[in-house]
Amino acid sequence: MGQALYRAHRPKKLSDVVGQEHVTTALDRALKKGTISHAYLLTGPRGVGKTTIARILAHEINGLPYEDDTTHMDIIEIDAASNRRIDEIRDLRDKVHIAPTSAKYKVYIIDEVHMLTKEAFNALLKTLEEPPAHVVFILATTEVHKLPETIISRTQRYAFKPVDQAKVIAHLKSIAAAEGITIADDALALIAAHGEGSFRDSISLLDQVRNTGDTVAAADVEALLGIAPDDLIARILTALSAHDVVAAATSLQQMSQGGYEPAQIARQLGGALREQLVHGKPGLDREVTMQLLTRLLDVPASPDPKSYLEIVLLDAALSGTPAPKPAAPKIMSEEVQGKPAVVTEPHPSSFQRKQQAQPTLEPPKAAVVATAKPEAPAPESEAEQPATNSTDTLDKTAWTQVLAAVKAKHNTLFSIVRVTTPHFEPGIVTLECGFAFHQKRLNDTRNKTMLTNIIKEATGHTVRLQCIVGEATVPDITPLPPTLPPADEQVHNVSAAAPVQPAAATAPENDTIKTVSNIFGGAELLQS
């Protein structure tokens, strides 16, 4: 049976250890001066050399050569994870008084010492306070915060650190050369990055990819680790920045079908978002980015990582200003009184236009009468349409106060209102919704009454609330050339014209319907 690479290339001397020079230098000087402590505490992340240095130190204290496959009766290793009870520590406490068999010191290496129980720590404490002269303890742990301060204060502590990536790459390259492994530099860099400063993890991964082909490429490492291609990650980030829910959901579905794990996708997205923040690249709003980074950390621990990741990303896509919708198609008006149909281009929203009468541009009374009138809207009930003659006009500042009040009183209603586009006119607030589903919820009698009351409480204004889907489309009627009536009659004609209804929205495509259904469940999709 072959030996694993991380064991075959384990350091045999303190000088062979890479990346922990601040520890090996101090220990080497102590050995040369003969200033041996009765207890050492080695702390730091996994796979950086704590156990290896503990073994080397135990042998060099006794002047013994160290080989990975050799054992010595006076060097005792204890795994605290499986020997954590008070009985094992009492047994150790009784045996420490027995003199070494052949070495100068009896050395106890207790790995993962943080796993000991409270009672076991109390039993060990007495021995650490007054140990026999021939005993040395070397404690190692990845979670020093779980150790009692009484234990830490009775040891010499050496804090290990993650190994610099450049040093990991250089060490992996030397191992690959020694083992005859042909591997690309970018593949080595990818292995080192995935190892996150751990030599053991990086060397184990090199051992795993060595059999993928005669020459190991970066693509081989990505396939083995389940790392998603950079272009897919970039595609999701672009969709989030554009607030494109459909594109975000589609890209995530493609990654899932490609077999990429949600936890790995979350890690890659987190890294890419961090790069955007650090280097000031364009992307999501800073507040939204920070919230997304925080929630991505919870993906691996979620009971359903795939669904949780989808919810997190879609929520981020819905935050902020929605993406602009495609231009409305040309509308053909019906032929009226034997006249040809008039082709009209999409018109800017009536809420964004100044309602000014311009005699030279407005059609005469006859033109208005000749044009087909859209069907008048059905009157709303008394509860849905509060009677008001108010001329109060809100603005964006007041609307910010309204949103805060809605969020404080009704979080579900806030999640819908915040993604609408408000338009303000005297006595009227019109909410432009991106989805018919949202318009239906806001037009609900209870929700509409609640929102109207909240607006009054937050701003002191009494307004009439109406909800639409998308941008309103106004026919662009070409004025008839002959004689124009007096200006005052033109203004009267314009104001007396029938109210213009929003143009019918184009029916969503099948893929869009599926995606929206995935987002909102079995929701009813309405034609607005």
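Among contacts in the chain (heavy atoms within 4.5 Å) between residues at least 6 apart in sequence, 74% join residues at least 24 apart. The model is predicted: local features need pLDDT of at least 70 and side-chain atom pairs count only at pLDDT 80 or more, while totals for chains, interfaces and linings use all residues. Residues are numbered from 1 along each chain as its sequence is written, and side-chain values use heavy atoms, with hydrogens and water left out.

The chain has 22 helices and 12 strands; helices (H or I, at least four residues) and strands (E, at least two) are DSSP runs, numbered from the N terminus. Of its 528 residues, 38% are buried, where buried means under 20% relative accessible area, exposed over 50%, and partly exposed in between (1.4 Å probe, protein chains only).

A nonpolar core is a set of buried Ala, Val, Leu, Ile, Met, Phe, Trp, Tyr and Cys residues joined through side-chain atoms within 4.5 Å. The largest one holds 28 residues, and Leu240, Leu269, Leu292, Leu296, Leu309 and Leu313 touch the most other members. The elements giving two or more residues to this core are α11 (230-241), α12 (245-257), α13 (262-279), α14 and α15 (305-318). Leaving aside residues up to four places away in sequence, Leu269 touches Ile233, Ile236, Leu237, Leu296 and Leu313. A second, separate core of 24 residues includes Ala80, Ala123, Leu147 and Ile151.

There are 3 aromatic pairs, meaning rings of Phe, Tyr and Trp (its six-membered ring) with centres within 6.5 Å; planes under 30 degrees apart count as stacked, over 60 as edge-to-face and the rest as tilted. The rings of Tyr108 and Phe137 are stacked, because their centres are 5.6 Å apart and their planes at 25 degrees. Tyr108 is in strand β3 (residues 106-111) and Phe137 in strand β4 (residues 135-141), so the pair ties together parts 29 residues apart in sequence. Both Tyr108 and Phe137 are buried.

The structure holds 15 salt bridges, each a side-chain nitrogen of Lys or Arg within 4 Å of a carboxyl oxygen of Asp or Glu. The table gives some of them.

| Pair | N to O distance |
|---|---|
| Lys167 and Glu21 | 3.5 Å |
| Lys173 and Asp185 | 3.5 Å |
| Lys409 and Glu457 | 2.3 Å |

Lys167 in helix α7 (residues 165-179) and Glu21 in helix α2 (residues 21-33) are 146 residues apart. Lys173 is partly exposed, at 42% relative accessible area, whereas Asp185 is exposed, at 51%. Lys409 and Glu457 are both exposed. Salt bridges also link Glu179, Asp207 and Arg210 in a network.
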